[in-house]
Amino acid sequence: MDRIRILGGQPLMGRIAISGAKNAALPLMTAALASDEPLVLENLPRLTDVRTLARLLSELGVETALEELPRAGDGSGGDRLTLNAANITSTTASYELVSKMRASFWVLGPLVARFGEAKVSLPGGCAIGARPVDLYIKGLEKMGCEIELDEGYVIARAPKGGLQGAVIRSPLVSVGATHTLMMAAALANGVTTLENAAREPEVADLAECLNAMGAKIEGAGTSSIRIEGVKKLHGTTHKVLPDRIETGSYAMAAAMTGGEVTLTGTRPDTIEAALTVMRAAGVEALVKGDEITVRRNGSRLQAVDVVTQVYPGFPTDLQAQFMTLMTCAEGEAEITETIFENRFMHVQELARFGANISLHGDKAIVHGVEKLKGAPVMASDLRASAALVIAGLAAEGETIINRVYHLDRGFERIEDKLGRCGARIERLK
Ligand code: EPU
C-alpha cells in the first residue's frame with residue numbers, strides 16, 4: 001500500500017490548477033444511463049472513484065471510453081470520458097461495487113426511469129456515518145415506484161407506463177437523493193417538484209448537463225426544482241465543474257503553511273462560505289476571475305467557530321481541513337458537524353501531531369497550539385486524509401501518511417500539485 005512522506009515546515013508558494021469536481025463527475029456519469037446516445041464528459045478528474053463508477057457502468061453494459069489526456073504545463077486539464085448506454089445488458093448494480101462507493105447507488109434513478117426496473121445494492125455504512133437511503137426510496141415511491149428490499153438490495157419497479165411526476169418534499173436536504181430523483185423525474189410523465197432540494201453547485205451542474213440532453217429542469221441550485229418529464233434524452237458533451245473542495249483544501253494548505261498560492265481554473269463563487277471563515281481567521285483571499293490567491297504573512301491565525309451546513313453554508317467536506325488550520329490558531333475554535341454524525345475520525349490523528357482537541361458530541365473544541373510536530377498517521381476517509389496532509393505540510397519534521405488510497409479517491413495528483421509549490425512531499429510505493 002502506498003504511503004505519503006512529508007517533510008514539513010515549508011511555506012507553499014506558486015500556482016495550483018484545480019481539477020474537475022469528483023462530486024460533479026460521479027452523478028454526471030450516472031446520467032449517461034438515462035439516454036441511448038453517448039454522453040461525453042470533459043475536464044474529468046483522474047481519480048479512483050471515477051474508475052470505480054466507470055467499472056460499475058460497464059458491468060451494466062455501458063460502453064466506456066476513457067481518454068487520459070496529458071495535463072498542461074501548469075497541471076490544468078482533465079480526461080475525456082465517453083459513455084454509451086445504448087445497449088444495457090443488466091439493471092442490477094452489485095454489492096461488490098456499490099459498497100466501494102456510495103455514489104454508485106445513484107444509478108437507481110436513471111435505471112428505473114428508463115428501463116422501468118432496477119436492482120441496486122444498499123451502499124451500507126461508511127467511515128463518516130450510517131448514511132441511510134430512506135429519502136431516495138420515499139421519493140421514488142411518490143413517483144409510483146414499488147420498492148422491495150431483498151437480501152441487501154433495493155428493487156425498484158416503475159408503474160406500467162412509467163414513473164409519474166409528483167411533489168416531493170424532503171424532510172432534510174440530501175445531495176444524492178436530489179441527484180437521483182432529478183434524473184428519475186427527467187424521464188417521468190408530467191411535472192415533478194423537489195422541495196427542500198439540495199442547492200449544491202454539483203446539483204446545478206447535473207441539471208445543466210441533463211438540460212443539454214433535452215431535459216426540462218428549472219430551479220436547480222435553489223431549494224425548489226421543477227422538472228417536466230420528457231420521453232427521451234439525447235447525447236451531449238459536458239465539461240465538469242471545477243472542484244470546490246479541492247480548491248478549499250489547497251487554500252487551507254496555503255494558509256496553514258504561511259505561503260502564497262494562486263488557485264487557478266476554479267469557481268470562486270462556489271467556495272464563498274469557506275473563504276469568509278478563512279478571512280475571519282486572518283487569511284487573505286483575493287478573488288480575480290477564476291482565480292483565488294490565498295496568502296498569510298507572518299501573523300498567527302485567529303480561532304474562528306464553524307458550523308457545517310448544507311450549501312451555501314460551510315461544507316462538511318472541508319470540516320477536517322479547517323480543523324487542521326485551527327490547531328495552530330490563537331484561541332479556541334468550536335467546530336460543529338451537523339451533516340454527518342461520525343465525521344471526527346481525524347481528531348485522534350491530529351492529536352498525534354500535538355494538536356489539542358476535545359470532542360463533545362457533534363462539537364470539537366480546538367485549543368490552538370504553537371506548532372505541530374510530524375508523526376506517522378493513518379487516513380480514515382477522503383477529506384480527513386487531506387486534513388492530515390495539511391497538518392504534515394505545516395508540522396516540524398517528518399510525517400508519514402498511511403492508507404493513501406483514500407486520498408486517491410478524490411484528489412488528483414496531490415503530491416505533484418503540492419510539490420510544484422515547494423512542498424517536500426513524496427509517495428512511497
Ligand atoms: N440522509 C438520510 N437519508 C437519505 C439520504 C441522506 O438520512 O436517504 C442523510 C445522510 O445520512 C447525511 C445527510 O442526509 O447525514 C446528508 O447526506 P447527503 O445525502 O447530502 O450526502 P451524499 O449525497 O451521500 C454527498 C457527497 C459527500 C458530501 C455530502 C454532503 C458525493 C459523491 N458525495 O454525499 O461527499 O459530504 O453530499 O455535502 O457527492 C466526499 O466527497 O468526501 C463526500 C463524503
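In this predicted model, I16 stands opposite L263 in β15. That pair is a handy way into the strand arrangement, so to speak, around β15.

Strand β15 covers residues 260-264 and is mostly covered itself, with four of its five residues buried. It has strand partners on record here in two senses: β2, residues 13-17, pairs with β15 in the parallel sense, while β17, residues 291-295, pairs with β15 in the antiparallel sense. Here are the two pairings side by side.

| Strand pair | Sense | Bridges | Residues standing opposite |
|---|---|---|---|
| β2 and β15 | parallel | five bridges | I16 and L263 |
| β15 and β17 | antiparallel | four bridges | E260 and R295 |

Now let us turn to a pair of helices. Helix α6 (residues 175-186) packs with helix α7 (residues 201-212) at an angle of about 15°, and their axes lie 10 Å apart. Are the two roughly parallel or roughly antiparallel? Because angles under 35 degrees count as roughly parallel, α6 is roughly parallel to α7. The crossing in which α6 passes α7 is right-handed.

Which residues make the contact? From α6 come T178, H179, M182 and M183, and from α7 come E202, V203, L206, A207 and L210. Sorted by class, the contact between α6 and α7 has six nonpolar residues, two polar ones and one charged residue.

Note on methods
Residues are numbered from 1 along each chain as its sequence is written. This is a predicted model: local features need pLDDT of at least 70, side-chain atom pairs count only at pLDDT 80 or more; totals for chains, interfaces and linings use all residues. Side-chain values use heavy atoms; hydrogens and water are left out. Buried means under 20% relative accessible area, exposed over 50%, partly exposed in between (1.4 Å probe, protein chains only). Two strands pair if DSSP finds at least two bridges between them. Axes are lines fitted to C-alpha atoms, for helices over the stretch in contact, and angles run from 0 to 180 degrees between N-to-C directions. Angles under 35 degrees count as roughly parallel, over 145 as roughly antiparallel, 65 to 115 as roughly perpendicular and the rest as oblique. A crossing is left-handed if the near helix is turned anticlockwise from the far one by less than a right angle, and right-handed if clockwise. Contact means heavy atoms within 4.5 Å. Ala, Val, Leu, Ile, Met, Phe, Trp, Tyr, Cys and Pro count as nonpolar, Asp, Glu, Lys and Arg as charged, and the others, Gly among them, as polar.
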